[in-house]
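Please keep the sequence and the structure in view while reading.

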Amino acid sequence: MRIEHHPILGEFPKGRKVQFTLDGKTMEGYEGEPIAAALRAAGVMTHRHTSRLDKPRGIFCAIGRCTDCVMVVNGRPNVRTCVTPLEEGMRVQTQYGVKAKED
């Protein structure tokens with residue numbers, strides 16, 4: 001199920017199909033769509049885990065206001081994936097607390 005209309009970003013043009021990685025696994029999405037939209041289309045619902053109780057979190061507000069969808073993107077933690085456009089070759093990692101998942 002692909003998200004095609006964003007409540008804040010509006011409709012985003014479907015760019016070319018690109019590859020990115022999630023925790024080292026190759027995935028596909030469309031350039032320019034929010035990272036969270038590409039993940040949702042691939043069936044990925046968990047973006048991070050809370051540090052204290054290890055509870056899964058994913059898209060909640062979808063407008064960049066909360067922190068439920070934050071992930072580590074290209075080595076940078078706390079990236080709000082619901083409003084960050086997907087680019088070719090991005091390295092996306094599930095976030096655990098305030099740091100990237102250990103490989």
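A contact here means heavy atoms within 4.5 Å. The structure is a predicted model, and, leaving aside residues up to four places away in sequence, F20 touches K25, T26, M27, E28, G29, A38, L39, L86, E87, G89, M90 and V92.

F20 also belongs to the largest nonpolar core, which has 14 residues, and it is among the members that touch the most others, together with L22, I35, L39, L86, M90 and V92. At least two residues of this core come from each of strand 3 (17-22), helix 1 (35-41) and strand 7 (70-73).

The pairings of strand 7 are set out below.

| Strand 8 | 76-80 | three | antiparallel | M71 and V79 |

Between strand 7 and strand 8 lies a hairpin with two residues between the strands, in which N74 takes a positive phi near 50°.

As to confidence, the mean pLDDT of the protein is 86, with 83% of its residues reaching 70 or more. Among the elements of the protein, strand 3 has the highest mean pLDDT (98), whereas strand 11 (residues 99-100) has the lowest (52). Where pLDDT is low, the predicted coordinates should not be read in detail.

Key. Residues numbered from 1 in each chain as written. Predicted model: local features only at pLDDT ≥ 70, side-chain atom pairs only at ≥ 80, totals over all residues. Heavy atoms only, no water. Core = buried A, V, L, I, M, F, W, Y, C linked by side-chain atoms within 4.5 Å. Buried < 20%, exposed > 50% of the residue type's maximum accessible area, 1.4 Å probe, protein only. Helix = DSSP H or I, 4+ residues; strand = E, 2+ residues; numbered from the N terminus. Pairing = 2+ DSSP bridges. pLDDT = per-residue confidence, 0-100.
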